[in-house]
Amino acid sequence: MRYVDEFRNRKLVEQVAGKIREIIPIYPINIMEVCGTHTQSFYRFGLDKLIPPQLRLISGPGCPVCVSAQGYIDEAIALCGHKEVILATFGDMLRVPGNKSSLEKERAKSGNIQVVYSPLDTLRIAKNNPDKKIVFLAVGFETTAPTIALSILKAKEERVKNLFFLTSLKLIPPAMKILLEDEKVCLQGFLCPGHVSAIIGTKAYAGISKRYRIGCCVAGFEPLDILEGLYLLVRQIIKKHPCVENQYSRVVTNSGNRRAQEIIKDVFAPDNVSWRGLGVIPASGLRIRKRFAIFDARKQFSLKTTPGKLDAIQKKCKCGSVLKGILRPDQCPLFRKACTPDNPYGPCMVSIEGACNAYYKYH
């Protein structure tokens, strides 16, 4: 099937949902969809109303904006205080709250923040503003890491000396392992992200499935994709044969995009990084290698941030527990009350890939 409409065909969707209902056992099954796009699609298309109640789909830490540590936002805000700096960022980072402010509020004060749609846009901004220092907020998972790496390579090739990158790049498989080692998290399967898997391949999950005896299935983002992925996972659980399956074979291969992997390895090195809600996870992020240090914002600027005190309402935000799948968004005391998309208190409500945002819009 080549066209999107076929993956939204109501009869086919109902057929697969019927197959799930036929084989589902009476005991509860918890499956985590790691990707925020899965979360949005699941509720947007009302798939939660098609699956039996004992099959619970849990949102995970698959939104790069949501898992960006509060300290990273504070670093970005600190850069706004440099008059010679133009901050370039993806739009969904603007409203993520730091300890004391947000980029949206800082932009209203200084106007030195520009929204871009691609890391390569920063090259144009740097060339057009030779008297300024351009800092790009390099946020994302394995999906965006290759284009950010290419931007750094391009900047070096063209000898652009006023472009820097403040990185918050994270890797999905290490986070999946940490979740499985948390006693509070109860999972029987992972619906693995399609976009990330297009880069790293299905082989990246083989060790997780084998070590933790848990099923993994890479799935696309249309209704039929998601339901087929869930069906394959439920079948694994019933047969007690956890493995890695690939529903998204029209895009994802076993080995992934090797050229993209080479580019990432050339520019970045593994690093221990902090995830909002999960803490510091060893080798779960990417840092710029030493030979590209001239593009590393942390090495070029003296960023000193001091932890601010959260107000009484912010302390009640449960984004960390939502990202781990311990709580549903509607179990947060701020949800739909103090915290809404127009007035977000946590990143899970800010980003369109956030679980709270999806719950608010569609649930």
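Reader: What is the relative accessibility of Ala-283?
Author: Ala-283 counts as partly exposed, a class lying between buried (under 20% relative accessible area) and exposed (over 50%), with a 1.4 Å probe and protein chains only. The model is predicted, so that local features need pLDDT of at least 70 and side-chain atom pairs count only at pLDDT 80 or more, while totals for chains, interfaces and linings use all residues. Residues are numbered from 1 along each chain as its sequence is written, and side-chain values use heavy atoms, with hydrogens and water left out. The relative accessibility of Ala-283 is 39%.

Reader: In which strand is Ala-283 placed?
Author: Ala-283 is a residue other than glycine, yet its phi is positive, near 50 degrees. Helices (H or I, at least four residues) and strands (E, at least two) are DSSP runs, numbered from the N terminus. The strand that holds Ala-283 spans residues 279-288 and is E11.

Reader: What is the relative accessible area of Lys-240?
Author: Lys-240 is not a glycine either, and its phi is positive at about 55 degrees. This residue lies in the loop between H10 and strand E9 (244-246). Lys-240 is exposed, because its relative accessible area is 70%.

Reader: What does H1 count as relative to H10, roughly parallel or antiparallel?
Author: Axes are lines fitted to C-alpha atoms, for helices over the stretch in contact, and angles run from 0 to 180 degrees between N-to-C directions. Helix H1 (residues 10-23) and H10 pack at an angle of about 15 degrees, their axes being 9 Å apart. Angles under 35 degrees count as roughly parallel, over 145 as roughly antiparallel, 65 to 115 as roughly perpendicular and the rest as oblique. The angle therefore makes H1, relative to H10, roughly parallel.

Reader: How many charged residues does the contact of H1 with H10 have?
Author: Contact means heavy atoms within 4.5 Å. Residues of H1, including Leu-12, Lys-19 and Ile-23, meet residues of H10, among them Glu-228, Leu-230 and Arg-235. Ala, Val, Leu, Ile, Met, Phe, Trp, Tyr, Cys and Pro count as nonpolar, Asp, Glu, Lys and Arg as charged, and the others, Gly among them, as polar. The contact divides into 13 nonpolar residues, no polar ones and, as charged residues, 3.

Reader: What is the relative accessibility of Gln-236?
Author: Gln-236 is found in helix H10. Leaving aside neighbours within four places in sequence, Gln-236 is in contact with residues including Gly-215, His-241 and Glu-245. Gln-236 counts as buried, because its relative accessibility is 6%.

Reader: At roughly what angle do the axes of H6 and H11 cross?
Author: Helix H6 (residues 145-157) and helix H11 (residues 258-267) have axes that come within 9 Å. H6 counts as oblique to H11 because the axes cross at roughly 55 degrees.

Reader: How far apart in space are Ser-351 and Gly-91, C-alpha to C-alpha?
Author: Ser-351 sits in the loop between helix H14 (347-350) and helix H15 (355-362), and it is buried, with a relative accessible area of 1%. Not counting residues up to four places away in sequence, Ser-351 touches Cys-63, Val-65, Cys-66, Asp-92 and Asn-357. Ser-351 and Gly-91 are 260 residues apart in sequence, and their separation in space, C-alpha to C-alpha, is 9.5 Å.
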